[in-house]
Amino acid sequence: MRAVATLVAIALLMLAGPLAGQALAAPAEPDAGPAVSVDLALDQLTPRIATLDGPTFVTVTGTIRNSGALPVSQLGVRLQRGDALRTASDVESALAGRAGTDTVTPAFVDVPGTLAPGDTVHFSVEAPLRGTGGSGLAIDRPGTYPLLVNVNGEPDGQPRARLAATRMLLPVLSLPADAVDGALEPAVPATTTGPARPFTMLYPIVDVPHRLPGVPGETTTLTDDDLARSFAPGGRLDGLVSALAQRAPSGSALRSGICVAVDPDLLQTAEAMAEGYQVRGAGGALTPGSGADAARQWLAALTSTVRGSCVVALPFADADLVALARGGQGTTAAEAVTGGRDVAADILDTPLQTGILWPADGVVDDETVDALAGSARLTGLVLSADGIAGSGRSGVVPLREGPSALLTDPLLTAAATPGTDVPTGSGAPVASSAVPVSTPLSTQDTIGTLAFRATSGGSASAAGTSGTSGQAPLVLAPPHLWGADGAGADALLSAASLLVDNGLLVPRPLSATGATGRDATLLYPLQAGGDEIPATTVDRVGALIADVDSMSAAAIEEPGADVTPAAVFDPLRRSMLRPVSASWRGRPALAATAADLSAIRLDELRGTVRVLEPPGPYSLGTSDAPLLLTVSNGLPVALDVRVVIASTAGLQVSPIPDQRVPPLGRIQVRVSAQVVRAGQFAVDAIVQTPKGDILGPPTRLQVRSTAYGTVTVWLTVIAGGLLVLLVARRILRRVKGGSGPPSGPRTGAPPGPGDLPGPPGPVGRTPVRPEHAATAPTVPIRSD
């Protein structure tokens, strides 16, 4: 027993430990946000590229904001750098923030005052390029260096620490003469590795879709008014066009190597906005748009800037072609390409590079190429070097059983792509619902990587291996949804022009001809497949396009009509591509939301073709009174429709011939019907296409009848006939039974005492007992 008690005590102690620990642990407090958090935004970097005739100091200006809960004092900012990058792998590490930046660490520059929570302070810090002794960056030879802007401080009650930092690339082509440690150091000229490299740049002008589906004649509706700000002076899209016009004007050497890639949907949206538009808010409320003038001026500036230059049209709404082809929508993918070209050529009024296609992310698969090969008339593809099997390929390569491909540099694309994996110089993340955040330094990494490629020679492959020759073309292709603003684009074009002037780059027109080497095999990376528009959204888009096609099949082109069916349904069909825009790659929730908005809007358009509900119930006074229905058509084209009314227990409807409803009009349809019962009941009227596809929603009709229908009349006649038969049968049975009174007096013995008349019988007669019938006396009948 003592052993058992000991074991029980040990078990209780073992249980008590965890229970006590749980009891002592206080419940976690709600997360109130970080106590210490400092945001760093950079406004300017001078110089973007260090050269012989440039400044001898590196200067950075920016803003520090205390976004935490504690005041911060003893703020200090400094510039520090790492070693010069030697290989493409080093550049990749620097772009990802993994490269060392502690090789040279000058002293901090104090920022006076205490930064209270929510406050901001502007700063400017500079460091000599060649200075040493704790004050400069000690750069003694050209190269591309990782640069870090470091902010230190002392949060209230905490030790001094790094509170924020932003890294970027600083390219140094050459070094100006400067005094270092009391001695004048001579200038260091640029070093080259061979002849100038051919250079081509894709210049994307793209935005996320903002427009809701519509038809000619109605007011254009947008989901938001972000484009008004982007088109206005100082906006992102305005800055892209202005930078191109100023830094690479038509006829300049740099412009010959630039090809502008435009989204036809953006062009069409700007054109529609210029005529006036409205914005639909989250609750469905409509408000007038504010960017009509800005859209008109922006589109005019773009048209003037690109006229006579190289222009490539992206698929309409920058559709994800691979997702469409994989979802069984290969025909739709081809129409997105050809339709986009037609729209862009019509609006810009300039010849396009119609045979060249630049797919999203520069990757495509064999199935998509096969789907596009016929109607899209492809002569060349612009693909990332990561989009073909193998490594070390650059230039123009032939594809197996397909067009040739001009390969872009994945390292340059990564530098121009903001995100958490490859940060920009400003550290700006990708916006959750719009284009990537633009900052004045959002292209500094692209400038640094371009300078590295121009000065290091070799291949443009991501791995950095040598290509077939030092003359391998260098193709810069930012992401379609480029996060650069006007300042960033201006700086990038200025840097490219500087590299051209220094004999490091030579602009070359975009071309996918002159393929060399063995046939290449397409490679669709796993990451690209993970970012693809989901199959569920592709299926929904396919269903929406089928609905548009069913409406189009019912449309009639009438002579002299202002609007043709093609003018209505071709744009409407293309507008269904917006949910599969490559802008939503990696953001499936936004793609699904875009599909919801398109479906709602299409239902609204289909709902304009319907039977109008009368103000009150139909009153029918006779069994065969007709129903007069009003069919409305809210579309700007005539439609052949079929009206169907489901027969019920109270109403039988004859088949209704197909009807033609005029554009934006209505007709009355006389429906032959028979009432089979009296009372009030409801029936549904539906408008269909001649092929049986439903257009608008069903309309509930109330019918009130005071007349007897045919069935009711026949039932009444039958019931009356049965009643007559029953009465006749009753009469006949009475006649056959002889139950009438005697016709004269009867003779015989007088009745006995027991034969006196008794109470009346069931039929009013006095019963006579049989045994006394012979002796019953005769009762004389008295006649008064």
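Predicted model: local features only at pLDDT ≥ 70, side-chain atom pairs only at ≥ 80, totals over all residues.
**Entry: the end of the list of helices I checked**

Is Arg730 buried or exposed? I get a relative accessible area of 53%, and the cut-off for exposed is over 50%, so Arg730 counts as exposed.

Leu723, Val727, Ile731 and Val735 make a nonpolar patch of about 390 Å².

**Entry: disulfides**

How many disulfides does a search of the whole structure find? I noted 1. As a reminder to myself, a disulfide is a covalent bond between the sulfur atoms of two cysteines. Here Cys259 is joined to Cys310, with 2.0 Å from S to S. The pair links distant parts of the chain: Cys259 sits in strand β12 (residues 258–262) and Cys310 in strand β15 (residues 310–313), 51 residues apart. I also wrote down the angle about the S-S bond, -70 degrees, which makes the link of Cys259 and Cys310 left-handed.

I checked how covered the two cysteines are. Cys259 has a relative accessible area of 0% and is buried. Cys310 comes out at 16%; buried means under 20%, so Cys310 counts as buried too.

Most residues other than glycine have a negative phi, and most peptide bonds are trans. I went looking for exceptions.

The peptide bond from Thr46 to Pro47 is cis, and I have its omega near -5 degrees. Pro47 lies in the loop between β1 (38–46) and β2 (57–66).

Asp318 has a positive phi, near 50 degrees. I found Asp318 in the loop between β15 and α7 (321–326), and at 3% relative accessibility it counts as buried.

Asp349 has a positive phi as well, near 55 degrees. Its place is the loop between α8 (330–348) and β16 (356–357). Asp349 is exposed, though, with a relative accessible area of 60%.

**Entry: salt bridges**

Side chains of opposite charge can pair when their charged atoms come close. I count 22 salt bridges in the structure, and I followed up a few.

Arg540 pairs with Asp596, the closest N and O atoms being 2.4 Å apart. Arg540 is in helix α14 (residues 535–554) and Asp596 in helix α16 (residues 588–606), so the bridge ties together parts that are 56 residues apart in sequence. Arg540 is partly exposed at 34%, and Asp596 is partly exposed at 35%.

Asp658 bridges to Arg642, with closest N and O atoms 3.0 Å apart. I placed Asp658 in the loop between β27 (651–653) and β28 (659–661), and Arg642 in strand β26 (residues 638–645), 16 residues away.

What do the side chains of Asp684 and Arg700 meet in? I found a salt bridge, 2.5 Å from N to O. Asp684 lies in strand β31 (residues 679–688) and Arg700 in strand β32 (residues 699–705), so parts that are 16 residues apart in sequence are tied together. Last, I noted one network, in which salt bridges that share partners join Glu218, Arg280, Arg601 and Glu604.

Note on methods
Residues numbered from 1 in each chain as written. Heavy atoms only, no water. Buried < 20%, exposed > 50% of the residue type's maximum accessible area, 1.4 Å probe, protein only. Disulfide = S-S within 2.5 Å. Helix = DSSP H or I, 4+ residues; strand = E, 2+ residues; numbered from the N terminus. Patch = residues over 30% accessible without salt bridge, like charges linked within 9 Å, V, L, I, M, F, W, Y side chains within 5 Å. Areas by Shrake-Rupley, 256 points an atom, 1.4 Å probe, with all protein chains shown as cover. Salt bridge = Lys/Arg side-chain N within 4 Å of Asp/Glu carboxyl O.
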